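Please read the following report alongside the sequence and the coordinates. It takes up a helix and its surroundings, then the sheets, and finally a charged residue.

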Amino acid sequence: MRKITAVFLTVFMMGVLSACGSRAEEPASRQIYAMDTVMMVNAYGKSGEAAVEETEQTLYQLEALLSRTQEKSQVSALNRSAGEPVELDEELEQLIETAADYTHATGGAFDITIAPVADAWGFTTDHQRVPNQAELQALLERVGMEHVHLKNGTGMVDAGTEIDLGGIAKGYASDRVAQIYAANDVPRGMVYLGGNVLAWGDRPDGTPWRVGIQDPAAPENPEALVGVLQLRDAFAITSGGYQRFFEENGKRYHHILNPETGCPAESGLTSVTVVADKTDGNGTMCDALSTALFIMGEERALDYWRAHAGAFDLVLVTKDGRVVVTEGLAGRFTAAEGGAYSYETVS
């Protein structure tokens with residue numbers, strides 16, 4: 001099952017339409033298809049249209065640079081390198097280095113070299129399958145950032161290793177959009193990059209943007225939420241096993257793979273939302289951590305959050321029907337009414 005792009009689309013429209021209750025200020029808005037995702041962008045102010053136009057062009061440029069599926073991209077060239085150096089733009093080299101930093105910081109839970117394993121499962125195609133253990137073990141021998149080599153504007157990967165920046169690229173793109181909005185003096189806006197949200201400023205009525213968190217138990221119903229975040233100047237990025245999956249012999253297999261086992265992570269979590277302020281680099285951080293903390297599970301995710309106090313906050317949805325909210329979001333999270341979940345705030 002392909003990733004459900006409607007998850008935050010309804011939430012995006014919730015924020016935009018409620019903000020436009022007054023016709024005094026209209027945003028420049030655009031729907032964009034890039035990075036295999038439907039994206040929605042709006043920006044208010046005199047330079048709103050210019051910011052949206054620059055955002056669209058930047059997203060296409062990033063796709064051409066970072067896509068693993070575009071044959072002419074530098075990532076594709078790197079994946080074909082098989083030990084022979086290829087030239088890399090500084091931007092791509094720095095992003096790979098950032099990904100390596102998150103691999104180290106999360107004890108390997110985030111790893112861009114999991115790509116061949118994802119291919120074996122068919123998550124990058126429409127032909128999913130369950131690979132056998134021998135096949136997975138052979139592929140896992142080529143997983144790990146030690147197989148990626150960068151030096152002075154060039155890079156190469158060992159034979160059999162490939163990278164996929166899908167777990168960090170949209171978060172990085174949201175950082176780039178924030179830079180564009182700042183440079184154009186955009187006072188407010190809402191950006192949705194396929195589950196990656198940037199709430200820029202506040203709404204025209206002065207209230208925070210409302211960003212919903214999808215109920216993982218009802219992925220086909222975008223109106224089914226576990227709660228709503230009220231955000232200003234913040235990134236909110238969600239990863240969940242409900243977004244892309246297939247079923248075989250009565251068992252469900254989702255696309256978030258544990259780099260240690262090569263199998264879908266069985267962490268007791270069904271979704272992780274990471275929230276941080278709009279500081280440059282935080283979009284990238286939220287994207288990487290939403291995947292890593294999902295793999296790590298509730299206890300380790302909360303330990304990681306406590307060890308990085310103040311850097312970000314979390315909303316964890318668990319398989320046993322709980323919604324766990326870290327204390328930094330306590331005043332900005334509203335639980336959905338009438339649902340089956342229990343709610344708790346942790347410190």
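## Helix α4 and its packing

In this predicted model, the buried positions of α4 are Leu-92, Glu-93, Leu-95, Ile-96, Ala-99, Tyr-102 and Thr-103. These buried residues pack against several other elements, namely the helices α2 (48-66), α3 (74-79), α7 (169-183) and α8 (282-296), together with the strand β4 (148-151).

The length of the helix can be checked against its residue count: α4 covers residues 90-105, which is 16 residues, and at 1.5 Å a residue it should span 22 Å, so the 22 Å that separates its end C-alpha atoms agrees with expectation. Just after α4, the backbone at Gly-107 adopts a positive phi of about 65°.

## The nine-stranded sheet

Another open sheet consists of 9 strands with mixed pairing, in the order β1-β2-β6-β7-β10-β13-β14-β15-β17. The edge strands here are β1 (28-34) and β17 (342-346), each pairing on one side only, and neighbouring strands of the sheet are turned against each other by 15° on average, with direction ignored.

Within this sheet, β14 (residues 313-318) and β15 (residues 322-326) run antiparallel and are joined by 3 bridges, with Leu-316 standing opposite Val-324 in β15. The helix α8 packs on the sheet, where it touches β7, β10, β13 (269-277) and β14, and its direction makes about 160° with that of β13. The helix α7, for its part, lies across β2 (37-43), β6 (189-193), β7 (196-200) and β10 (234-240), and runs at about 20° to β7.

## Asp-287 in helix α8

Which side chain of opposite charge is nearest to Asp-287, and how many Å away is it? Asp-287, which is found in helix α8, is buried yet has no salt bridge, and the nearest such side chain is that of Lys-170, 6.6 Å away. A salt bridge would require a side-chain nitrogen of Lys or Arg within 4 Å of a carboxyl oxygen.

Leaving aside residues up to four places away in sequence, Asp-287 touches Gly-167, Ile-168, Ala-169, Lys-170, Gly-171, Asn-196 and Ile-237.

Note on methods
Residues numbered from 1 in each chain as written. Predicted model: local features only at pLDDT ≥ 70, side-chain atom pairs only at ≥ 80, totals over all residues. Heavy atoms only, no water. Helix = DSSP H or I, 4+ residues; strand = E, 2+ residues; numbered from the N terminus. Expected span 1.5 Å × (residues − 1). Buried < 20%, exposed > 50% of the residue type's maximum accessible area, 1.4 Å probe, protein only. Contact = heavy atoms within 4.5 Å. Lys, Arg positive; Asp, Glu negative; His and termini not counted. Pairing = 2+ DSSP bridges. Axes fitted to C-alpha atoms, helices over the stretch in contact; angles between N-to-C directions.
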